[in-house]
Amino acid sequence: MSLPIYLIGARGCGKTTIGQALSQALGYAFQDTDHHLQLATQRSVADIVAAEGWDSFRARETESLRAVTAPDTVIATGGGMVLAEVNRRFMREHGQVIWLNAPSDVLAGRLERQPEAAQRPTLTGRPIAEEMHDILRERAHLYRQAAHHEVNAMQPPERVVEQILQSLSLARAS
Ligand SMILES: Nc1ncnc2c1ncn2[C@@H]1O[C@H](COP(=O)(O)OP(=O)(O)O)[C@@H](O)[C@H]1O
Ligand SMILES: O=C(O)C1=C[C@@H](OP(=O)(O)O)[C@@H](O)[C@H](O)C1
Ligand SMILES: [Mg+2]
């Protein structure tokens, strides 16, 4: 049995996409804290935030993090999971934490192409490019603090997976 692997990083860095591919490469289970929350509440992130506000969503995502944590599991977190110190400490203590890092213009480009509004209600009310710039500036030190490893998320998904495996020394001879 192996420790869970947590993927952290800003919206659009690929936590959900890469998490699925990584879990397949390792033969691990896959969990996504937002999907878990969505299933448990039968509501989207946007619905929860509209009805209860961001503070309530943040409390719920902390519960979701704990609920999905299990051995041999890749866990895609929501972009704001690192905001709470208790979540940063929990992830570092319970598993291996990987930061998928990419510049804000790359992230904004991906989100403009595929906004998924129900999953990503606006955080600031500002246009996406400005919002991503501000969010990364505010959160970069938290991602860095929480992570055991940082991986360049601008590469094609299969390269990102490879690099994660290398940084965890889990790469297999092929
Ligand atoms: N390495 C990558 N290269 C190009 N596009 C990517 C990459 N990773 C994710 N994407 C795209 O970016 C968007 C956001 O990906 P997603 O996995 O939902 O990110 P997150 O869960 O971090 O918000 C999706 O449209 C996805 O197809
Ligand atoms: O950055 C954030 O604060 C958020 C990111 C989203 O997850 P993704 O990073 O998977 O898009 C989702 O948890 C919610 O909209 C809040
Ligand atoms: Mg996601």
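Which residues are around ligand 2? I note before answering that I am working with a predicted model. I looked up the shell and found Arg11, Lys15, Thr16, Asp34, Val45, Gly78, Gly79, Gly80, Gln119, Arg120 and Leu123 around ligand 2. I then sorted this shell by type. It divides into two nonpolar, five polar and four charged residues.

**Entry: Thr16**

I picked Thr16 from the shell around ligand 2. I checked UniProt, where an unreviewed entry lists Thr16 under "binding site". I placed Thr16 in helix α1. Is Thr16 buried, exposed or partly exposed? I found 19 other C-beta atoms within 10 Å of Thr16. A residue needs 20 or more to be buried and 12 or fewer to be exposed, so Thr16 is partly exposed. I also looked up its contacts. Leaving out residues up to four places away in sequence, Thr16 touches Asp32 and Ala76.

**Entry: the core**

I turned to the largest nonpolar core, which has 35 residues. Tyr6, Leu7, Ile8, Ile98 and Leu100 have the most contacts inside it. I listed the elements that each supply at least two residues of this core: β1 (5-8), α1 (15-26), α4 (54-68), β3 (73-76), β4 (96-101), α6 (104-113), α7 (128-146) and α8 (157-167). Which helix gives the most to this core? I found that α7 does, with five residues.

**Entry: Tyr6**

I followed one of the core residues with the most contacts, Tyr6. Setting aside neighbours within four places in sequence, I found Tyr6 in contact with Ile75, Thr77, Met91, Gly95, Val97 and Ile98.

Note on methods
Residues are numbered from 1 along each chain as its sequence is written. Chains are lettered from A and ligands numbered from 1 in the order in which they are written. This is a predicted model: local features need pLDDT of at least 70, side-chain atom pairs count only at pLDDT 80 or more; totals for chains, interfaces and linings use all residues. A nonpolar core is a set of buried Ala, Val, Leu, Ile, Met, Phe, Trp, Tyr and Cys residues joined through C-beta atoms within 7 Å. Helices (H or I, at least four residues) and strands (E, at least two) are DSSP runs, numbered from the N terminus. Two residues are in contact if their C-beta atoms, placed from the backbone, lie within 7 Å. UniProt positions are given in the numbering used here, feature names are shortened, and annotations may be inferred rather than shown by experiment. A residue is near a molecule or strand if its C-beta atom, placed from the backbone, lies within 6 Å of it. Ala, Val, Leu, Ile, Met, Phe, Trp, Tyr, Cys and Pro count as nonpolar, Asp, Glu, Lys and Arg as charged, and the others, Gly among them, as polar.
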